[in-house]
Every structure is written in C-alpha cells, then in structure tokens.
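Colleague: Hi! I'm new to this one, could you walk me through it?
Modeller: Happy to, let's bring it up on screen.

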Amino acid sequence: MPRMPELNWRKALDRTRRVALGRLSEILGTTELTESVWEELEAGLVQADLGAVLASEVTAALRKHAGAQGLTRSEDLRSSLRDVLLGYLSPSTPRIVETRPQVMVLVGVNGSGKTTSAAKLAARLQAEGRRVLLAAADTYRAAADEQLQQWADRLGVEVILGRPGSDPGAVAFDAAQAALARNLDVLLVDTSGRMHTSHNLMAELQKICRTTGKVVPGAPHRVVLVLDATTGQNGLAQARAFTQAVGVTEILLAKLDGSAKGGIALAISHQLGLPITFTGLGEGPGDLAPFDPQAYVEALLPAAGGAPVSG
Ligand SMILES: Nc1nc2c(ncn2[C@@H]2O[C@H](COP(=O)(O)OP(=O)(O)OP(=O)(O)O)[C@@H](O)[C@H]2O)c(=O)[nH]1
Ligand SMILES: [Mg+2]
C-alpha cells in the first residue's frame, strides 16, 4: 500500500497560530495573570474563530484551573489550556459501515472543496486497497464533470458522469447501480455546491440521497459535509442546515492550511457534536488526513518549552 504523506499539523495551522493566537506564548508566559491577560486570551480565541461563547467558556475554565492550582508557570498554563481545548473535541472516529458498496455523499456550499475532497478520499481509499467509484452528480456546470474526470484519470479511478443539465439524481442512481454490479467497496458521490438557505436545492440533495438508497439498502451510509475552514462561524449555520436536510454524519474540514480561523473545528464540535473525520491541508491528492484532535490542539498552541512568540 503506498504511504500517504505525513501531515504537518503545525505548518497547516501556522496562520491561525500566528494571526489569531500570536500573543499566546506571551500571555502564557506572563508572570502576573491580570484581568487584561485573560481578556487578551479570550480575544485571541474569538479571533481564531472559536466563537464568543466557547472563547469565554475556555477562558473561564483556564482561569479556574490557574486560580485553583496556583498556576503561573507558562508550561502549566499551556498544558491546562491544551486539556481544556481537547475536552471540547468530540471523538473523530468515522461511522463504521460493513456494507458493500458503502455510499458516501459529499455535500456543501459552493467552492467549499467537495470535488477536490472526493478525489483525495478516493486516493486515500485506493491506497488502503479499496475499490472505489466516483460519481459526478454535479450536472450544473460542464466544467464540474471535467474536473472530476481529470482527477479520476490522474488517480486511475473510474467515474460515472452525467450530461450537463441532466438530473443529478439519475447520475447517483446509475453510479449506485454500477458500484453494486461491480461489487465495489466505496461509491463517492460528488454533488454541486448549493446555498444552505436554498429550499429547492436542498430538496434536490435529499432526492440524490434517497435515490442511492433505492439501489443500495441503507445508503447513503455517510453524508460528509465539506466545510471551508476559512469561512469561520458561517460554517456553523451551513452545518445546521445541511444536517437538518440530509442528516450529515460527519464534517470534512477543508482548507485548514491557509486558514487563520482554524479554531472553527472546536466551535463545530462544541456546538454541533458532529465528528470531524477528515481535514484538507492542501490541493494535492495526498493533502487529506484523518482529523487528529491531539495533534490539532498541540498545533494551535505555541511550541512547548517556552518557544518565542512566533511559536
Ligand atoms: N489550500 C487548499 N485548497 C483546497 C483544499 N481543498 C480544496 N481546495 C481548493 O479550493 C478550490 C475549490 O475546490 P473544489 O473542490 O472545486 O470545490 P467544490 O466544493 O467542489 O466547488 P463547487 O463544486 O463549485 O461547489 C480549488 O481551487 C481547490 O484546489 C484544501 O484542503 N486546501
Ligand atoms: Mg465541485
């Protein structure tokens, strides 16, 4: 099995750490924990996109720890903050499905990273030895087909395409039949981007999902909401709407690299309780990794051992 590249979490969260939490090592290293230190910490957490409620909860929790245990050493504060943050992340284990084919539908707003993520997932599954089929149930743009076809060629994965303007449900139906007939392991259905506020487009998505279920019992087994990590708090509204419409089972947090709002993962877990199963860290086929709460939180914080402010 080809090895997937190691993920550099610190590099991926570089912007969030520098832009939003840049003063954290100074804050943690301060000798006097004054009111303004706590305010500054809370402001940094808001800027990292934890959301106001969670930022204030986290600050209060850390403050309590510091008060109760008399913590002033920056190492102790850092590890307390790490533990507090970790406590907010739900376990990221994906739903285990034994059926074949396992049907995964990727949903999300325009440009969130669905097609790229479908390709990355295909690459990953293929590297694990699974037989995968891609379905281009985005029939709005002719270019969408091409984009997925290019990925499929590059990865050596088969793809079912629809005619531009044709019914995306029909593409999903054909693809589910093909996956079943060929006894494949996983069908990845790429859908077109849609505003979570559009009633008609959400109804269409429900139809795509239902259609796969007519061919494969229990499908779709996984509905993956692809969220763009640079969008921040609006992602929460998107997640609520998609969950209500099509029962999202998990979040794939794309574009965590380059985002200064990487704290959104914490807000998602805290507010929605949905597992973040994967994260996108670049545009290449290998730039996808299972979400690792420990590595993620470590990467948000300045390097352990009193590193300089840029941490
Ligand atoms: N840096 C970075 N770029 C990404 C990532 N995922 C996707 N992109 C880029 O984001 C852009 C949009 O990605 P697509 O996969 O086309 O998004 P989409 O959700 O399919 O878009 P629509 O189908 O138009 O709704 C592309 O330029 C991708 O290369 C990621 O994890 N990191
Ligand atoms: Mg797309």
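Modeller: Keep in mind that this is a predicted model. Let's begin with a strand pair: β1 and strand β5 (residues 222-228) run parallel and are joined by four bridges.
Colleague: Nice. Which residue in β5 stands opposite V107?
Modeller: That is L225 in β5.
Colleague: And how many bridges join β1 to strand β4?
Modeller: Five, and β1 and β4 (residues 186-191) run parallel. To find your place there, look for M104, which stands opposite L188 in β4.
Colleague: Is β1 itself buried or exposed?
Modeller: Strand β1 covers residues 102-107, and six of its six residues are buried, so it is largely enclosed by the rest of the structure.
Colleague: Which residues of β1 point which way?
Modeller: Q102, M104 and L106 point one way, while V103, V105 and V107 point the other way, and all of these are buried.
Colleague: Let's switch to helices. At what angle do the axes of α11 and α12 cross?
Modeller: At roughly 40°, with the axes coming within 10 Å. Helix α11 is residues 234-246 and helix α12 is residues 264-272.
Colleague: What do you call that arrangement, and which hand does the crossing have?
Modeller: Angles under 35 degrees would count as roughly parallel, and α11 and α12 are therefore oblique to each other. Their crossing is right-handed.
Colleague: Which residues meet there?
Modeller: From α11 you have L236, A239 and R240, and they meet I264, A267, I268, Q271 and L272 in α12. The residues of this contact divide into six nonpolar, one polar and one charged.
Colleague: Which residues of α12 are buried?
Modeller: I264, A265, L266, A267, I268 and S269.
Colleague: What follows α12?
Modeller: G273 follows α12, and its phi is positive, near 65°.
Colleague: What kind of peptide bond joins A219 and P220?
Modeller: A cis one, with omega about -5°. P220 has its place in the loop between α10 (199-215) and β5.
Colleague: And what about phi at N183?
Modeller: N183 is not a glycine, yet its phi is positive, about 55°. You'll find N183 in the loop between α9 (168-181) and β4. Its relative accessibility is 41%, so N183 counts as partly exposed.
Colleague: Where does K255 lie, and what is its phi?
Modeller: K255 lies in the loop between β6 (250-254) and α12. Phi of K255 is near 60°, a positive value in a residue other than glycine. K255 counts as partly exposed because its relative accessibility is 32%.
Colleague: What is G193 in contact with, leaving aside its neighbours within four places in sequence?
Modeller: G193 is in contact with G108, V109, N110 and K114.
Colleague: Great, thanks for the tour!

Technical notes: Residues numbered from 1 in each chain as written. Chains lettered and ligands numbered in written order. Predicted model: local features only at pLDDT ≥ 70, side-chain atom pairs only at ≥ 80, totals over all residues. Heavy atoms only, no water. Axes fitted to C-alpha atoms, helices over the stretch in contact; angles between N-to-C directions. Helix = DSSP H or I, 4+ residues; strand = E, 2+ residues; numbered from the N terminus. Parallel < 35°, antiparallel > 145°, perpendicular 65-115°, else oblique. Left-handed = near helix turned anticlockwise from the far one by under 90°. Contact = heavy atoms within 4.5 Å. Nonpolar A, V, L, I, M, F, W, Y, C, P; charged D, E, K, R; others polar. Buried < 20%, exposed > 50% of the residue type's maximum accessible area, 1.4 Å probe, protein only. Pairing = 2+ DSSP bridges.
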